[in-house]
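Subject: Structure for you to look at

Hello,

Here is the structure I said I would pass on. Please open it first, then read the notes below it.

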Amino acid sequence: MVLKEKLPQLLAHKTPYYLYDLTLLKNTLIALTTESKKYNYHVHYAFKANTNVKIIQLIKAANLGADCVSGNEIKHAIDNGFDASKIVFAGVGKNDDEILFALQQNIFCFNCESIQELQVIDELALSLNKKASVALRINPNVDAHTHKYITTGLEENKFGINPYEFETVIAQLKTLHNITLIGLHFHIGSQITNLSPFKKLCLRVNEINNYFLRKGFDLPIINVGGGLGIDYKNPTANAIVNFEAYFKVFHKFIELRKNQELHFELGRAIVAQCGNLISKVLYIKNGINTNFAILDAGMTELLRPALYQAYHKIENLSSTNTQQLKYDVVGPICESSDCFGKAVELPTTNRGDIIAILSAGAYGEVMSSNYNLRNTVKSYYLD
Ligand SMILES: *Cc1c(COP(=O)(O)O)cnc(C)c1O
């Protein structure tokens, strides 16, 4: 979709707001499910990427499961029709109330991140007279070659159980009678655009899968997490991720036994490209070396650039000027990191111009805040 052509529609709403292209989301879901079905792979949508009700209802309609990282996400998934038997619960710090709630809902699986967590889940399951299905989240020590704040699969990261702990875990499991170990879980990081880390992951999974078999655990579930990246530089040309190539890597390199299912947890690759943040230029400030375009949207609406220097393509939808100038595109929040892009080339820009920040559908609206007592950001939809 070319946003510029939608300008008259866009002007009908007060900025800033999120604009979701639901047709693109539907087409992305069709591409995803077409490819995953080829191999009977199971995909859980990573709720933390976007919990907007219209978005998750379309994802539910495509029959995906849910990957949740809090009790409230589990509740939100169930309230919106997701089947508890397709919900996995990850997170390095699940609290007792969240674990109890998940047990009461009979979710599919806890992705368990530490030995102590196994003990707590066992204790709480016993208190409800239930048996919890658990997958061990394993830290495979695979470098995702992504930004240090979004890599998760290295020994130095807080996530998962490390191989040197396996013996202890196995000994523990023998004493935990309210836990059933059903699988192994991995997630190496996010915004991974080169597929070779996924190949490395497959090879590690094979070793670890075999290790557990040797120890007497023939586990039916292998969950390789998410992390598939999108093209932030060319969002229009590459609006839908190459799911075919992604799943092919797993098909080629992972060795599953006949009784084993492969599960995925994708967030960004499903929702990132369907969302845009629409904003208006409040002021232009021309400095000696730097021109500033000050927007009415800031880090309160889209935190990713301030949080981890994330790149988002920025377009001026209203300017018809042919002359290009460089601007630091910034928000109104009282923080120097409140900057969407430095030296961004735009057509000569004026107060009142409409600016689109693209590829903002994942980790955008969900991270918005009321800092500076800002209004809660609104959302509108193109269908
Ligand atoms: C965040 C997360 C995901 C989804 O990551 P994407 O990069 O959005 O695909 C999947 N699994 C776990 C455990 C996560 O923490």
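The area buried between domain 1 and domain 2 is about 2100 Å², and 56% of that comes from carbon and sulfur atoms. On the domain 1 side, the residues that lose the most area to domain 2 are Gln273, Tyr363 and Tyr381, which together make up 34% of what that side buries. Please keep in mind that this is a predicted model.

Domain 1 is made of two stretches, 4–12 and 273–382, while domain 2 covers 22–272. Their C-alpha centres are 33 Å apart.

How many residues are in contact across the boundary? Domain 1 brings 22 residues and domain 2 brings 24. The interface of domain 1 and domain 2 has zero salt bridges by the rule used. Polar contacts do occur there, with 13 residue pairs counted between domain 1 and domain 2. Helix H11 (304–308) and strand S16 (378–382) each give at least two residues to the side of domain 1 that touches domain 2. Sorted by class, that side of domain 1 holds 11 nonpolar, eight polar and three charged residues.

Next, side-chain pairs in the structure as a whole. The count of salt bridges is 11. One of them joins glutamate 35 to lysine 38, with the closest N and O atoms 2.9 Å apart. Which element holds these two residues? Glutamate 35 and lysine 38 are both in helix H2 (residues 22–38), three residues apart, or about one turn of the helix.

The count of aromatic pairs is 20. Among them is the pair of phenylalanine 89 and phenylalanine 110, whose ring centres are 6.0 Å apart. The angle between their planes is 45°, and the pair is classed as tilted. Phenylalanine 89 belongs to strand S4 (residues 87–89) and phenylalanine 110 to strand S5 (residues 109–112), so the pair links parts of the chain 21 residues apart.

Last, two details of the backbone. Where is the cis peptide bond that involves proline 16? The bond runs from threonine 15 to proline 16, and its omega is near -5°. Proline 16 sits in the loop between helix H1 (7–10) and strand S1 (17–21). The other detail is at serine 359, which has a positive phi of about 55° although it is not a glycine. Serine 359 is in the loop that lies between strand S15 (354–357) and S16. Strand S16 is also one of the elements named above for the side of domain 1 that touches domain 2.

Regards

Technical notes:
Residues numbered from 1 in each chain as written. Predicted model: local features only at pLDDT ≥ 70, side-chain atom pairs only at ≥ 80, totals over all residues. Heavy atoms only, no water. Domains from an automatic or database assignment. Contact = heavy atoms within 4.5 Å. Buried area = accessible area lost by both parts, 1.4 Å probe. Salt bridge = Lys/Arg side-chain N within 4 Å of Asp/Glu carboxyl O. Polar contact = N/O pair within 3.5 Å; in protein donor to acceptor, adjacent residues only side chain to side chain. Helix = DSSP H or I, 4+ residues; strand = E, 2+ residues; numbered from the N terminus. Nonpolar A, V, L, I, M, F, W, Y, C, P; charged D, E, K, R; others polar. Phe/Tyr/Trp six-rings, centres within 6.5 Å; stacked < 30°, edge-to-face > 60°.
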